[in-house]
Amino acid sequence: MRKHHWALIALAVNLAQSLLKLVAGILTGSLSLTGEAFHSFSDSFVSFVALFTIALSERKSTRFPYGLYKLENIGAIVIGIFLLLVAYEVAKRAFTTEVIVNKEYLNIGIGVVIFSMISSLVLSLLERNAGKKLNSPALVADSYHTLTDVFASSLVLVSLVSVYFGYQLDRYFALAICFFIAYTAFDILKREISILLDISVETKTLEDIRNLILSFRQVQEIKSLYVRSPGGKLFADVTLSIQARDFVEAHKLVDTIEEELRRRFPNFEAIFIHYEPFDTSTKVAILLDEESRVASSFLSAKKVAIFQQGEEVKMLDLSNSLSNSKEEEVSQALVNKGVNIIVSGCHPESTQAKAILSKEGVFVWETQETNPYKVLSEIAYNLTDVKDSYKECKNHRPIPES
């Protein structure tokens with residue numbers, strides 16, 4: 001069954017209980033039983049709230065692209081507030097009203113209470129199990145709310161039984177009922193308000209997610225990991241430092257991590273992974289023409305400037321390369337130097353040169369920029385926001401004017 005089916009069942013059970021308790025409470029004159037009747041009426045109302053919020057929580061629109069999942073948490077908060085109101089009303093009557101239980105209808109009252117205990121216990125267990133499977137905080141909260149009926153009904157039962165022995169203890173048992181109701185209310189309010197404030201998921205879930213990500217050997221470091229759970233859905237924002245030869249490998253790795261997270265945690269709604277795919281060992285080779293500007297092609301390159309963090313710029317002279325196989329020679333020479341990125345005005349035209357670079361995972365960064373140092377800034381600026389494995393110049397972010 002789906003979420004709204006359970007909410008409908010809870011609504012029907014609570015309505016039946018409230019009517020029976022109200023009739024029995026009027027007949028017996030029991031404050032605790034009458035209080036339970038109002039409690040069940042409030043249960044009926046909050047079950048309607050749960051049904052309403054569940055119906056809306058999974059809808060998405062242009063204005064609410066992330067859905068309305070938090071409506072379930074708001075519905076659970078409404079449940080907590082009504083529980084506090086019920087607790088206050090019962091306590092007020094216990095202190096201000098004289099309570100005398102009518103023995104004539106005592107058996108009716110006891111029968112209603114026993115029926116309420118059994119039905120509430122069964123409903124609470126089934127509803128909580130369904131809420132956990134469906135990741136519905138409203139159903140889970142309502143199941144705990146329903147469970148208070150079992151404790152409260154047991155106190156009412158003891159109160160009614162004590163009348164047989166000549167003790168009028170209904171007032172005191174009514175106050176005990178208030179304690180259970182208020183305790184449950186505060187627990188629900190604390191939990192749901194924390195979720196609305198985007199509290200992190202519990203430590204175990206966070207550690208399980210962390211360990212799964214770190215199980216990929218290419219992940220060098222988890223720089224940040226934030227996971228929240230509104231409406232029973234998981235939303236993650238992750239920043240990783242990963243080791244990859246090129247953009248294609250980096251992007252595939254991130255996609256694989258996301259797929260594995262969704263497989264292990266089916267309630268993931270959105271996973272945002274930011275990554276820095278290159279470490280300090282990355283070598284960038286910029287093809288230069290005779291005027292030390294970025295070469296428009298491999299064939300027009302006269303020399304190469306090789307940049308690596310923490311090291312001086314190294315120059316490679318290409319003046320002795322044979323013209324009929326220059327692209328292949330340049331490609332092989334740069335591969336031998338351990339270069340990861342080659343900057344040029346365009347890719348090599350030679351199929352063999354392309355094969356050499358592809359085999360070693362060397363990425364060719366096309367650019368219209370002629371200043372080699374601006375190209376380095378361009379690369380650094382784009383590394384943390386890679387969208388495609390094959391980046392054309394038109395897709396680059398604009399370089400700030402110096």
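Student: Let's begin with a cysteine. What makes C178 count as buried or exposed?
Tutor: Keep in mind that this is a predicted model. C178 has a relative accessible area of 8%. Buried means under 20%, so C178 is called buried.

Student: How many disulfides does the structure hold?
Tutor: The structure holds zero disulfides. To be called a disulfide, two cysteine sulfur atoms would have to be within 2.5 Å.

Student: What does the chain look like as a whole?
Tutor: The protein chain has eleven helices and eight strands. Of its 402 residues, 49% count as buried. The chain exposes about 20,500 Å², and carbon and sulfur atoms supply 58% of that area. Among contacts between residues at least 6 apart in sequence, 65% join residues at least 24 apart.

Student: Where do A185 and L85 show sequence and space side by side?
Tutor: A185 and L85 are 100 residues apart in sequence and 9.6 Å apart in space, C-alpha to C-alpha. A185 lies in helix α6.

Student: What makes A185 buried or exposed?
Tutor: A185 has 0% relative accessibility. That value is under the 20% cut-off, so A185 counts as buried. Leaving aside neighbours within four places in sequence, A185 is in contact with G80, L83 and L84.

Student: What is the largest nonpolar core made of?
Tutor: The largest nonpolar core has 30 residues. Those with the most contacts inside it are L83, L106, V113, V156, L160, I177 and I181. The elements giving two or more residues to this core are α2 (31-57), α3 (70-96), α4 (106-133), α5 and α6. A second, separate core has 25 residues, including L206, F216, I242 and A250. In soluble globular proteins, nonpolar side chains tend to be buried together.

Student: Which residues does L106 touch?
Tutor: Not counting residues up to four places away in sequence, L106 touches T28, V101, L160, V163 and Y164.

Student: Which residues form a nonpolar patch on the surface?
Tutor: The patch is formed by V161, Y164, F165, Y167, L169 and Y172, with about 660 Å² of accessible area together. F165 lies in the loop between α5 (137-164) and α6 (170-196).

Student: How do you know whether F165 is buried or exposed?
Tutor: F165 has a relative accessible area of 63%. Exposed means over 50%, so F165 is exposed.

Student: Why is the pair R191 and D187 called a salt bridge?
Tutor: The N to O distance between their side chains is 3.1 Å. The limit is 4 Å, so R191 and D187 meet in a salt bridge. Both lie in helix α6, four residues apart, about one turn of the helix. R191 is partly exposed at 28% relative accessibility, and D187 is partly exposed at 38%.

Student: What about E260 and R263?
Tutor: Their side chains meet at 2.6 Å, N to O. That is within 4 Å, so E260 and R263 form a salt bridge. Both residues lie in helix α8 (residues 247-264), three residues apart. E260 counts as partly exposed at 23%, whereas R263 is exposed at 57%.

Student: How many salt bridges does a search of the whole structure find?
Tutor: The search finds eight. One of them joins R293 and E291, at 3.0 Å, N to O. R293 is partly exposed at 40% relative accessibility, and E291 is exposed at 53%. Salt bridges that share partners also join D187, R191 and E192 into one network.

Student: What makes the phi of S292 worth a look?
Tutor: S292 has a positive phi of about 65° although it is not a glycine. Most residues other than glycine have a negative phi. S292 is found in the loop between β4 (283-288) and β5 (303-308). Its relative accessible area is 34%, which lies between 20% and 50%, so S292 is partly exposed.

Methods. Residues are numbered from 1 along each chain as its sequence is written. This is a predicted model: local features need pLDDT of at least 70, side-chain atom pairs count only at pLDDT 80 or more; totals for chains, interfaces and linings use all residues. Side-chain values use heavy atoms; hydrogens and water are left out. Buried means under 20% relative accessible area, exposed over 50%, partly exposed in between (1.4 Å probe, protein chains only). Contact means heavy atoms within 4.5 Å. Accessible areas come from the Shrake-Rupley method with a 1.4 Å probe; for residues, only the protein chains shown count as cover. Patches are made of residues with over 30% relative accessible area and no salt bridge: like charges are joined within 9 Å, nonpolar side chains (Val, Leu, Ile, Met, Phe, Trp, Tyr) within 5 Å. A nonpolar core is a set of buried Ala, Val, Leu, Ile, Met, Phe, Trp, Tyr and Cys residues joined through side-chain atoms within 4.5 Å.
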